[in-house]
Amino acid sequence: MEKNGGTEPHFDIRIGNGYDVHVLAEGLPLNICGVRLESPSGCVAHSDGDVAIHALCDALLGSLALGDIGHYFPDTDDRWKGADSKILLGKTMELIREKGYRTGNVDITIALQAPKLAPHLNEMKKALAPILGVPETSVSIKATTSEGLGFVGRGEGVQAWATVLIYKTR
Ligand code: MG
């Protein structure tokens, strides 16, 4: 049915992007997209250091111009010390839902020299989809190395980028 004389769109669509980087150090756990990976090194972080979820939270917050993850989950707050980043993502989704929006789809890219992420991508999608409230087919996770270049190539760090689309039906 047409509303407002048909001049208003039926969907309110918003887009957001997020970026995060973490230093890798020996002996620390490596968590990416909610999955604990076998690795000699993991992320230096206040929370569990899930670089991809942090980028995803920033993308969601960015889509509604709500600020960034550091504002909601500061690394000076002991509540988030060692926190499972899936909890941070759930709390971020609460903010999105409070504003009446739902997730359309997400697209994540992770740059990491090792270990290979390809065998774990399905498990990662399974971990994120229910928190986002979308089917796994709406969660894209892509992994790349940096061909040995730069800090990623030297195994000193990991980067992640996320793009999200959210929508509200009128
Ligand atoms: Mg982070």
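Trainee: Leaving aside neighbours within four places in sequence, with which residues is Thr-92 in contact?
Mentor: This is a predicted model, in which local features need pLDDT of at least 70 and side-chain atom pairs count only at pLDDT 80 or more, while totals for chains, interfaces and linings use all residues. Residues are numbered from 1 along each chain as its sequence is written, and side-chain values use heavy atoms, leaving out hydrogens and water. With contact meaning heavy atoms within 4.5 Å, and with those neighbours set aside, the partners of Thr-92 are Cys-57, Leu-60, Leu-61 and Phe-73.

Trainee: Does Thr-92 count as buried or exposed?
Mentor: Thr-92 has its place in helix α3; helices (H or I, at least four residues) and strands (E, at least two) are DSSP runs numbered from the N terminus. Buried means under 20% relative accessible area, exposed over 50% and partly exposed in between, with a 1.4 Å probe and protein chains only. Because its relative accessibility is 0%, Thr-92 counts as buried.

Trainee: At roughly what angle do the axes of α1 and α3 cross?
Mentor: Axes are lines fitted to C-alpha atoms, for helices over the stretch in contact, and angles between N-to-C directions run from 0 to 180 degrees. Angles under 35 degrees count as roughly parallel, over 145 as roughly antiparallel, 65 to 115 as roughly perpendicular and the rest as oblique. The pair α1 and α3 is therefore roughly parallel. The axes of α3 and α1 (residues 51-63) come within 10 Å, and the crossing angle is roughly 10°.

Trainee: By class, how many residues does the contact of α1 with α3 have?
Mentor: On the α1 side, the contributors include Leu-56, Cys-57, Leu-60 and Leu-61, and on the α3 side they include Leu-88, Leu-89, Thr-92 and Met-93. Ala, Val, Leu, Ile, Met, Phe, Trp, Tyr, Cys and Pro count as nonpolar, Asp, Glu, Lys and Arg as charged, and the others, Gly among them, as polar. The counts are 10 nonpolar, 4 polar and 1 charged.

Trainee: How far apart are the axes of α3 and α4?
Mentor: Lys-86, Leu-89, Gly-90, Met-93 and Arg-97 of α3 meet Leu-128, Ile-131 and Leu-132 of α4, a contact with 5 nonpolar, 1 polar and 2 charged residues. These helices are therefore roughly parallel to each other. Helix α3 (residues 85-98) packs against α4 (residues 121-132) at an angle of about 30°, and the axis separation is 9 Å.

Trainee: How far is the sulfur of Cys-43 from the closest cysteine sulfur?
Mentor: A disulfide is a pair of cysteine sulfur atoms within 2.5 Å, and the structure holds 0 of them. Cys-33 is in no disulfide, as the sulfur of Cys-57, its nearest, is 11 Å away. Cys-43 is buried at 7% relative accessibility. Its closest cysteine sulfur, in Cys-33, is too far for a bond, at 12 Å.

Trainee: What is the relative accessible area of Leu-117?
Mentor: Leu-117 is found in the loop between β5 (102-111) and α4. Beyond residues up to four places away in sequence, Leu-117 touches Ile-32, Leu-37, Ile-110, Leu-112, Met-124 and Ala-143. Leu-117 is buried, with a value of 4%.

Trainee: How far apart in space are Leu-165 and Ser-63, C-alpha to C-alpha?
Mentor: Leu-165 lies in strand β7 (residues 157-169) and is partly exposed, with a relative accessible area of 29%. Although Leu-165 and Ser-63 are 102 residues apart in sequence, their C-alpha to C-alpha separation in space is 7.5 Å.
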